[in-house]
Amino acid sequence: MSSQAFDDEAHERWGDTDAYKESARRTKNYSAEDFALANKRAAEIVQDFIDAISSGLSAESEQAALVAEAHRQHITDWYYTCTYDIHVGLAHMYVADERFKNNYDSQYPSLAQYVHDAIIANAVNNS
């Protein structure tokens, strides 16, 4: 799927939401360097999830919760206010949408489920 197709799908699915509008407003003036920095941090967070799962830490562990919170905060810092409810919705999408699931699982077996479970546990602990 092309970048434009992803953009079109996102607009169709979430274009009327406050989060989508906030993200569009905030990112419209991002430079290539800004996007590179945001993507670098996102990759670091994924690596932190991989480090946690590969160390045998439970998705409900304190370390996994810290990574889940860093993930939520990263979205808030760069794109839109990511509430715990929104974060839980993203977690569900990471396992329900094969594109997201395959992306995570291609980096480490069962990573999508682990990220999902860590986000859910973090939200429960902060609600």
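1. Arginine 41 is partly exposed in this predicted model, its relative accessible area being 31%. The side chain of arginine 41 meets that of glutamate 44 in a salt bridge, with an N to O distance of 3.4 Å. Since a salt bridge is counted within 4 Å, this pair qualifies. The two residues lie three apart in helix H3, about one turn of the helix.

2. Lysine 40 forms a salt bridge with glutamate 44, and the closest N and O atoms are 2.7 Å apart. Both residues belong to helix H3, which covers residues 32-54; because they are four residues apart there, about one helical turn separates them. Glutamate 44 is itself partly exposed, at a relative accessible area of 32%.

3. A further pair is found in helix H6, residues 98-107. Here aspartate 105 forms a salt bridge with lysine 101, the closest N and O atoms lying 2.7 Å apart. Aspartate 105 and lysine 101 are four residues apart in this helix, so about one helical turn lies between them. Lysine 101 is partly exposed, with a relative accessible area of 29%.

Definitions and conventions. Residues numbered from 1 in each chain as written. Predicted model: local features only at pLDDT ≥ 70, side-chain atom pairs only at ≥ 80, totals over all residues. Heavy atoms only, no water. Buried < 20%, exposed > 50% of the residue type's maximum accessible area, 1.4 Å probe, protein only.
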